[in-house]
Structure formats: C-alpha cells, structure tokens
Amino acid sequence: MTHAMNEARDVPERTAAQSSHGEGGGRLRRGRLRIYLGAAPGVGKTLAMLQAATELLRQGVDLRVGSLDCADDAARGELRMRLAALPGGREAAGELDLDALLVRLPALLLVDRLARANPPGSRHAQRWQDVQELLAAGIDVHATLDVSHLESLKNRVEALTGQPVTETLPDWLLEEAHEVLLIDCLPGELRDFAPTTLAALRALALQVVAGRADSEVQRRYRPSGREAPAVLGRLLVAVDGDEQSEQLVRHASQVARRRQLPWTLVHVDDGRARGEESRRLLQAAQRLAERLGGEVVGLLGDEVADTLLRHARERRASVLLVGGHRRRWFGRGVVERLLRRARGLEIGVLAAEEAVSVPSFAVRGFVAGPLDYALALLATLLASAVAWGFSRMLALQNISLVFLAAVLLVAVRSGFGPALCCALLSFFAYDLLFIAPTFSLIVAHRVDVLGLLFFLLMAALTGNLATRQRRQMQALRETQAETAALLDLTRKLSAATDRRAVLAAAVEQFAAWRDLDVRLLGPDGAGALRVEAGVAGDLGKSERAAAEWVWQHELPAGLGTDTLPDGRWWWWPLSGERGPLALLGIAPRDGRPLPASRRHRLVALCQPLAQALARAQLAEELQAARLRGETEQLRSALLASVSHDLRTPLTVMHGAIDSLLTLDGQIAAADRRELLESTRDEAERLDRYIQNLLDMTRLGHGGLKLERDWVAPADIVASSLQRLRPVLASFRLETRIAGELPLLHVHAALIEQALVNVLENAARFSPPGGRLRVAVDSDGGELRLSVSDQGPGIPPAEREKIFDMFYTAARGDRGGPGTGLGLAICQGILGAHGGRVTVGEGLDGQGATLTLHLPLQPQPPGESERDDEAPVLP
C-alpha cells in the first residue's frame, strides 16, 4: 500500500501542559482542520491518520480519539500499543461525545468518517457539524473523508458505482480545511471496487486536490506581496423546478470551484403556474445551492432568455450554465436564443442523463381544483346564454367576443388549465349554437372553419397571456408586501427608543403572520435566556438547549435545520458587532418547517431588527456612561463640600478644647464660657450638616415618613427662629405674620427643618447688619412662608439650579462654600407635602426671596388661628 501524502507541515501548538484552559486564559484562535482524503474506503486514510497521531503523541501533544469507524481491525490493532494511552470515550461505537470533548478541550482530536450522520436525538444531524463546533472551541481536528461524500460529486459517484450516496458534506468545508492530504493506493490493492471504477474515483480525488491546489496558489500569492491572478467574472446557473435542477447545481458548484469563480443560482419566474412538486424541487435546489456556497436569486420576466442575459450583464457574469432537456424553459428555442444574443458570454448546456418525469400538466400550469374547472363550465354556460340573447342584434364575428371575455375572466380567476378548458367548451358551444347548421358540430362553410380555428387560437393565447399576467401580478404583490413589511418595521423601529420598545415593535410586526407563534429571547441578570416578548411561558428542555446553542454560536438551529431539529421552534440569532443581542423564535402552528421563501423574508426583517437592538443597546450604554459621569461629579462635589464644611467646625472645636486643656488655670471665667459656647455652636453646626446629609439620603431612598398633625404656622416660625438665634443675632430681623391663618396638616419637624435651611441660606449670603424678613400669609388655597434678604441675589438663569444637590451660588464675603444640600432638602420636603419652592426678588431691589408654598387642607371644626393669638417670637 502506498500513501501519496504531504509532510505534516503544522504541529499542533499546544502540548499537554499548554492545553489547560484554566491557566492559559482562554483560546486565542480557531482550531485547524486536517483532512485525510481518499478515493474510496480502504485506501488507508485511518491508518495514515493514526500513524501521524503516534508521532504527535510522542511530541507531547494533548491528543484524544473522538471516533474510529475503520473496519480494518488489523490495521487499528497495529497501532493499539502505541495509542494505548488514548481514552476513546464512545469511539468504539463510532460516536462522537461532543459535550465531553467541549469540557475536556484537548489540543488535538482524531475523527474518522467526517461525513457520517449522527444518531437520532443528537445535537447536530451530521458529524461534520460537530467538528465545526469543536473547531470554534479551538480544538484542532484530524479527520478522514472519501471523495464520494462531497455534495457536488454525489451524482457522478452514484453513476460510477451504481450505489446511492446517503451521507454527504458541503464542498466549502474542504476549502476551509487548513490542509488536505491525499491518501492513495494502487487499484489492484482494493478488491471491493472494479479497477475501472476505482480509477475513475481516483481521478475525481485528484481533480478535487488539484482544484484545492489552485486555491492554495491564490492564497499564497497575497502574503508574498505579488499580484495574485485575477478572479474575473461569475458563473450563473439557471434552474427550473424539475428533477435535473439538483444535478445542475452540483455541476455548477464543481465548475465554479475549478475556475475559482463565485456563482449564483438564478430562477426566472415568467408568470406561469407551477405545481406543488415543481415548487418542492425548486426549493430543494435552492437549499442545495446555499449549502454549497452559492448565492440564490429570483427574477421576474416574460422572456426567459432576455431576463437571464440582462441579469448576466448586470452581474458581469462570464459563464451561464443551463439544462438542455426542457422545451419550455431550456429547450432548443431558449438555448438558441441565448447563443444568438449572448455576445462574449460562455453558454454551457448540461444534457439530462435520463428523461425527466415531471408531469406535463404541472409544468404547463394545468393543475387546478375542481371548483376552478366548474367555474370554466359555468362561465361557458353564461357566455352562451348572453350570446344567444344578443344573437339577433350582433354579427356572428362579434358573438365570439363574448366567449373570449369568458375565457379571460376564467384565466384571471383560476389559471391556464381552466382557461383552456373554457376555450374548448366555448369553441364547441360557438359551433353548436351559432355556426350553420346550428345544433350540429358540422360546419357547412370553409370560411367558418377558419373562423372557429382562429377563435380557438385567440382564446388559448389570450387565456395564456391573462394567466401569466395574473401570476406576475401575484409575484409583484408578494414583493410589494415584503417591501411594505420591511418599511413598516423600519418605521416602527425608528420610533423605538429602548430595547423594550424595539421588541414590542417586532412582536407587533410579526403578529400579522397569524399562522406563526413568535418569541424573542434575551439574557436575564444571571445570564440565562428568558422570554422578553411574544408568546409567554417556560421553554422546554429541548427548546432551551437549541436556544442556548444558537446564542453561543450565532447560527440558526431548531425546526427545519440540521442542528437540534426535534423541537417546534426555529431560532435565529439577532447579532451585533459584539455578539448576539436577542434570539428570534418562530413556531409554525401546523408544525411543519418554514419554506425557504418565508425564511428569507424573516431573515430580511431580522436585519433592521438587529440594527435597532444594537442602537438601543448603544443608547443604554451612553445613558449609563452619562449617569456614571454625573455620579462621579456628585461624589466629587460631596467629598469636596463635606470635607470643607465638616473640617471648619471640627477645627474650631479642636482649638477650643486644646485651649481649655492647655490653659485651664490661666483662662478667665468669661473666656472659658466663650470657648465652651463656641464649641457648642460649632457642634450644633456640625449636627445640622450631618442631619442634612441624613435627610437627603432618606429623601433619595424614599425612607422619609410623614407623620402629619395640625400645627399653627406661627409656631413653626417661632421654633425655627429660636433654633437659629445665634446665627441671626447680627441681622435686623423682621417678622410679618398675617392674621386669621389656617392650620397646617403637616409633619411639623420637617417643615421647621425646611424653614431653618432657607433662613440659614439667607443668613449666609446677607451682609453683616443686613435685613432679613420672614413673612407668612395665605390665599385660601395655599399658605406661603417667605424669607427675604439683602444679599447679592440669584440671577434668573440660576434660580432652577440652586435646588440641585451640591450646587452653590456663593457671592460676597459671607457667601463661602456650603454643602449645597440645604435647598435641595427643602425642595424634597415641600414636594413630599405636595408643595413647592419659588425664587423672587429680595428687599429694596436687593437679594432674593425664597417662598415655601404649602397646600391647605379642610380645617378641623373650631380650630383656626385668631388675630388676638400673638405668636411668641424671640
């Protein structure tokens, strides 16, 4: 046995000591895939992989066996002694223990039979999808593959071997492999295949490797600084809904890979009706093209050849591949038109290997329901009755127009099959009722025969034309509906300002599809997924597993996919630049997977939805950053203010106490008393600062409770002035309290504190010996407590800011810095009572007046403040 294989160019970078996930801080790259490619089973792929693995194991690589499916036990036994240290997990059964490997995270994993299908109930339908997840986790993988399992070669391999190929993988996986090693042997060494068959399979394998070598050359040019050979043009493959479509797609994939061309599957909808089987085959071909890495495009056009050529010119295509068996689509007429009109465009025609058994009625649009053909019969009867009624007033030629009108109506309403049926029935009715001799199918005059044939031809043509126009109108309406839905969703999302509004707009948009259930998932505070909008309820175990997989890998999963397909929900990730933002879940109420057209519409709507979620997330982050900035400013202001205003009284108290301790016997009694009073005043000042901080904390956290009672306004004023007597001693104080003042139903201590804060603020900003005035009055609806001073005043632009925390407007010698909490606390107290604080001009055009407005409650019976009740003021 000979092995035509490359030297191992890249040894895995992580040894057993380096592969530990805890110390390395996470994987920095995607894993690398090496494929041992063979022409057929038995050429020695697994043996070559195990031989290379023993060498890597000797070098200290953390290597594990994922699965071994090789039937040659003797070949495996040859290496068992050297690989005895390798735990195989479930490899003896040929299964890949995906979850255990993702927990263990080895440096290198051996996987046999890359294209094998997984057992039912597995996370992924095929093994190569497991390998993709392992590569994404940073694990290097060495795997074996037969060339017969490439999706694009399926038809050719089946024709060579005469056996069906049931397990395939997409060709792009081979392109993404880090290296491909071709394992070969002499044809005589394999007895399971005929020499000619094996030779053909070897040729296919060499062709695949040669195509990959071309791709490798393209990649090698770029880092060398030299200009890589230009990749010009594009390959277009035009398909219809027939059994040759998938074969045509696979052939196009092979041609595109050999020529290094991007390729597109194109389908032209010419307005003709197609049956259910034709639509199914077309969707299958489109899905196959997506798996093989092609683009899928749908076009509308009356004339197939002109539409294809126009699209080829727009996309700058160099090759157009069509099938050669269909007369309506790609028969001789269409191919000849393409060859005649395609100047500079290469046209490839793939002949069918066998006759295609698509029902002709389905192809030509004859499929319709019984009601549609009943409508054709009814229309013919009505047309006959109308024509018979007007037969004496209309010429024979004009009577035929009545039947043509019936054919047009049926064509617009039902389709070409019922329209042609109506044309035939009208033909016989026209001959039977109006062509001499009447009530007989015999035609007496030759000219009438020509008229009948001409009528039948016109009826068929007009019916076909009307049907095509109807189909095109339906297609345009569907396109318009999709565009309108996209614009409507975009308009709704543009008005959404936060995440909740974006999700609500999405649910409202999807609610128009009444045959679908919709869910939008997002992470909760603990990182688990929860339902944020749409259908409420807990996720089942299988649905949660699918959703978490989609969130982790940002790939669709669930119903209709190859990953966790057992649930009833199809999950699509709504991702931004930094990862997933939400998950869209769609559950058809009939339990069947969504067709490709609806999935494409949903994906189109998901793009603006993901952008809106990213915008909302950015807005939330900006808002949080702004709040953090403001919080930092408040913290800095609080520290600066508190450190200053607390240090001043503490310094005075400390100095007075030191003087008393140091000069105890030398201080006169009057001086001793003055020092003690100073210490007491500063302690009271310090107490007020601390009380303000505590009050502000209680206001901010809603912990301030109102214990209301009836109290006279004059008592509040008197108590406040008594508390501030040392502060107000150097000012000329005036009090003006109106008579007949009603009682206040308030928390007296809090209102007193608010008035004290306002009085202290006025004293701080007033000049020595200045006037201060306290006034109390009411207007029946509210009571006003006003404090006026002769300070520098407050500009109108700052009158709203003075009630902000830590804001001060210090001016003058007595201004000085303060905590900036007094007026904020005052506003909070008044707000808790349903009142407010306003700012006005001060005394004699100087200073400012702060007025406390308190709402009045219905008075208790027999309680009011009289004129003769003079308040006791200090």
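Which side chain meets that of Glu 532 in a salt bridge? Arg 499 does, at 2.7 Å from N to O; a salt bridge here is a side-chain nitrogen of Lys or Arg within 4 Å of a carboxyl oxygen of Asp or Glu. The pair links distant parts of the chain, 33 residues apart, with Glu 532 in strand 12 (residues 529-534) and Arg 499 in helix 18 (residues 499-510). Helices (H or I, at least four residues) and strands (E, at least two) are DSSP runs, numbered from the N terminus.

The model is predicted, so local features need pLDDT of at least 70 and side-chain atom pairs count only at pLDDT 80 or more, while totals for chains, interfaces and linings use all residues. Residues are numbered from 1 along each chain as its sequence is written, and side-chain values use heavy atoms, leaving out hydrogens and water.

Back to the charges: the structure holds 32 salt bridges. One of them joins the side chains of Asp 184 and Arg 202, 2.8 Å apart from N to O. Asp 184 sits in the loop between strand 5 (179-183) and helix 8 (195-224), and Arg 202 in helix 8, so this pair ties together parts 18 residues apart in sequence. Asp 184 counts as buried because its relative accessibility is 14%, whereas Arg 202, at 23%, counts as partly exposed. For these labels, buried means under 20% relative accessible area, exposed over 50%, and partly exposed in between (1.4 Å probe, protein chains only).

Then there is His 553, in helix 19 (residues 541-553). His 553 is buried, at 18% relative accessibility. Glu 133 is 420 residues away from His 553 in sequence, yet their C-alpha atoms are 8.0 Å apart in space.
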